[in-house]
Amino acid sequence: MAQRSNAATTEGAATRFGLSAAAFVYLAAVLLLPLAAVFHEATRKGLGAFFEAIGDADTMAAVRLTVTVALIAVPLNLVFGLAAAWAVTKHEFPGKSLLITLIDLPFSVSPVISGLVYVLLFGAQGLLGPWLAAHGVKILFAVPGIVLATIFVTLPFIARELIPLMRAQGTAEEEAALSLGASGWQTFRHVTLPNVRWGLLYGVLLCNARAMGEFGAVSVVSGHIRGLTNTMPLHVEILYNEYNFAAAFAVASLLALLALVTLAVKSLLEWHHGDELAGARH
Amino acid sequence: MLMAIGGRRHPRVIPGFGVTIGFTLAYLGLIVLVPLGALVAKAAELGPGGIWAVATDARVFAALRLSFGASLAAAAINAVFGLLLAWVLVRYRFPGRRLVDALIDLPFALPTAVAGITLATLYAGNGWVGGLFAGDGWLGALFGPDGLKIAYTPLGVVVALVFVGLPFVVRTVQPVLADFDAESEEAAASLGASRFATFRRVVLPAILPALTTGFAMALARAVGEYGSVIFIAGNIPMVSEIAPLLIVTRLEEYNYAGASAVATVMLAVAFVLLFAINLLQRLDRAQAS
């Protein structure tokens with residue numbers, strides 16, 4: 001990006017100052033104030049209350065469930081992202097653009113609807129509900145339902161990161177490796193994967209942040225059983241609705257910290273490997 | 001088209017198509033398409049007349065109106081300030097610019113429930129911002145003796161949706177603005193156009209597709225938003241109850257058909273928006289090349 005100092009294509013000093021000031025005040029009010037408020041409310045009653053809220057057995061159970069769900073959902077969506085990107089970018093077939101649109105579909109569905117569809121499928125009055133009940137399989141209001149809803153809402157993240165990246169890289173390197181006698185798997189493992197590693201990490205990062213923070217979809221399928229089917233965001237809601245604000249914000253501050261770490265790593269990736277993500281960013 | 005012809009001329013040399021497309025379709029089908037099909041099947045039980053009856057029920061209609069009205073207002077605010085933020089970030093140099101740029105994505109990274117309880121606390125009558133607008137606050141006095149109530153009113157819904165939708169317009173406009181050729185601006189200026197006229201006649205038309213795309217994305221996100229809104233909305237039926245919350249309420253009443261009908265109406269609108277966004281991006285790309 002060229003430095004623009006040409007008088008004809010920049011504003012006067014007063015306009016520049018005014019626009020910048022307006023932008024900073026807006027950002028401070030809309031983004032920084034809530035961020036500051038989370039940590040302020042979390043430590044309001046002192047650090048003792050903060051650590052007591054975090055060390056609480058129900059909170060620890062919520063943290064464990066959130067991590068477990070992310071550990072299942074993210075790797076599955078990673079395999080899906082790689083498979084979808086390989087099929088879409090290294091091959092030609094009819095209906096490709098429809099498939100890409102369908103992969104993006106979960107992003108345009110309300111989180112509540114993402115949960116609702118599983119209630120309609122697995123609920124007591126649902127299509128498969130009676131069969132599941134007869135066989136003693138519990139999906140809804142149990143961990144499998146939470147995992148499914150999380151997979152649904154985070155499904156596009158890794159695929160939509162990899163598809164533009166692998167499309168921009170083309171197939172020449174893979175073709176070269178294959179013509180030199182590499183097997184398909186070797187080509188993928190030693191040629192394609194190293195080429196997309198930063199984009200892959202970028203997608204995993206965003207996928208994980210959403211998986212750990214998802215509220216609407218998980219709320220619908222969870223049943224809110226304390227210590228059993230409560231993820232961290234759901235635990236925040238329960239504590240808040242019980243007017244236990246200090247504890248609610250203590251757990252919320254952990255999630256805010258996760259968001260800040262995600263943003264930091266994401267920015268580092270963009271600064272150091274921006275060229276390898278460039279295809280994905282625009 | 002050309003790609004398809006090219007693909008046919010050279011037989012497929014890269015292996016693994018069968019495995020990867022098979023896995024992709026099976027996974028997508030089981031996780032997304034079959035469950036969404038269950039929703040459509042449930043809604044179909046009601047028939048078009050039944051869905052129409054649900055959508056025009058007074059409480060449902062009020063919720064849909066609030067969801068779309070507040071989302072439009074929030075997306076419009078985000079279009080204006082998103083353009084301002086993108087402009088300042090691309091055109092001006094100031095210390096900490098990269099930090100500010102990184103912070104823009106905070107609403108994407110912050111879990112919605114965290115945003116929800118924080119905004120509700122900030123904008124309540126005794127909160128940092130809500131207090132300013134209360135009857136005895138120094139901004140509230142402008143709105144009469146009772147001040148301006150933000151949390152637990154439709155205004156609170158707009159506040160939450162403005163937060164959630166902030167990154168969209170910034171992130172769609174930013175790259176277009178960065179790639180924008182300064183020569184046409186120089187030409188306009190040398191022909192005597194004022195800075196503002198140059199912006200309005202030269203720059204704005206070039207970034208309009210990106211701006212509109214960002215607006216539509218912010219709108220689509222806002223319409224379905226749940227976690228950040230329900231804490232600040234107050235959720236009073238007919239007044240500050242959003243459509244996604246109504247789906248949850250119907251589910252808690254075991255009224256699956258009612259929940260599906262509201263969801264179907266929302267999905268239909270979401271698809272129209274998705275289609276519009278795709279169309280805009282295609283126009284954008286056609287213009288770029």
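Predicted model: local features only at pLDDT ≥ 70, side-chain atom pairs only at ≥ 80, totals over all residues.

**Exercise 1.** Determine whether Arg171(B) is buried or exposed, and trace its salt bridge.

Step 1. Arg171(B) has a relative accessible area of 17%, so the residue is buried (buried means under 20% relative accessible area, exposed over 50%, partly exposed in between, with a 1.4 Å probe and protein chains only).

Step 2. The side chain of Arg171(B) meets that of Asp105(B) in a salt bridge, at 3.2 Å from N to O; the criterion is a side-chain nitrogen of Lys or Arg within 4 Å of a carboxyl oxygen of Asp or Glu.

Step 3. Asp105(B) belongs to the loop between helix H4 (97-103) and helix H5 (106-109) of chain B, and Arg171(B) to helix H8 (residues 154-179) of chain B, so the contact ties together parts 66 residues apart in sequence. Helices here are DSSP runs (H or I, at least four residues), as strands are (E, at least two), numbered from the N terminus.

Step 4. Asp105(B) is also buried, at 4% relative accessibility.

Step 5. Through shared partners, salt bridges join Lys266(A), Glu270(A), Asp101(B), Asp105(B) and Arg171(B) into one network.

A note on conventions: residues are numbered from 1 along each chain as its sequence is written, and chains are lettered from A and ligands numbered from 1 in the order in which they are written. Local features need pLDDT of at least 70, side-chain atom pairs count only at pLDDT 80 or more, and totals for chains, interfaces and linings use all residues, while side-chain values use heavy atoms, with hydrogens and water left out.

**Exercise 2.** State how many salt bridges a search of the whole structure finds, and describe the accessibility of Glu41(A), Arg44(A) and Arg160(A).

Step 1. Over all chains, the search finds 18 salt bridges.

Step 2. One of these joins Glu41(A) to Arg44(A), with 2.9 Å from N to O. Glu41(A) counts as buried at 11% relative accessibility, whereas Arg44(A), at 56%, counts as exposed.

Step 3. Arg160(A) pairs with Asp104(A), their closest N and O atoms being 3.1 Å apart. Distant parts of the chain are linked in this way: Arg160(A) is in helix H8 of chain A and Asp104(A) in helix H4 of chain A, 56 residues apart. Arg160(A) is partly exposed, with 37% relative accessibility.

**Exercise 3.** Classify the ring pair of Phe107(A) and Phe157(A), and find where charges sit over rings.

Step 1. Rings of Phe, Tyr and Trp (its six-membered ring) pair if their centres lie within 6.5 Å; planes under 30 degrees apart count as stacked, over 60 as edge-to-face and the rest as tilted. The count comes to 19 aromatic pairs over all chains.

Step 2. Phe93(A) and Phe17(B) make a tilted pair, 5.3 Å centre to centre with 45° between the planes. This pair crosses between chains, from the loop between helix H3 (57-89) and helix H4 (96-104) of chain A to helix H2 (residues 17-55) of chain B. Both Phe93(A) and Phe17(B) are buried.

Step 3. The ring centres of Phe107(A) and Phe157(A) are 4.9 Å apart and the planes stand at 75°, so the pair is edge-to-face. Phe107(A) is partly exposed, at 30% relative accessible area, whereas Phe157(A) is buried, at 15%.

Step 4. One aromatic cluster is formed by Phe215(A), Tyr240(A), Tyr243(A), Phe245(A), Tyr226(B) and Phe231(B).

Step 5. A charge sits over a ring if NZ of Lys or CZ of Arg is within 6 Å of the ring centre and within 35 degrees of the ring normal. Arg98(B) places its charged end over the ring of Trp271(A), 4.1 Å from the centre, and Arg91(B) lies over the face of Trp87(B), at 4.6 Å from the ring centre.

**Exercise 4.** Describe the lining of the largest cavity by element and by class.

Step 1. On a 1 Å grid over the protein atoms alone, a cavity is a set of points where a 1.4 Å probe fits but cannot get out, and lining residues have an atom within 4 Å of a point. Points are joined across faces, edges and corners, and a volume is the space filled by probe spheres set on them.

Step 2. The structure holds 4 cavities of 30 Å³ or more, and the largest has about 70 Å³ of space.

Step 3. H13(B) gives the most to this lining, with 4 residues.

Step 4. The lining of the largest cavity divides into 8 nonpolar, 3 polar and no charged residues (Ala, Val, Leu, Ile, Met, Phe, Trp, Tyr, Cys and Pro count as nonpolar, Asp, Glu, Lys and Arg as charged, and the others, Gly among them, as polar).

Notes. 1 Å grid on protein atoms, 1.4 Å probe; cavity = no way out; pocket = protein on both sides within 12 Å on 5 of 7 lines; lining within 4 Å.
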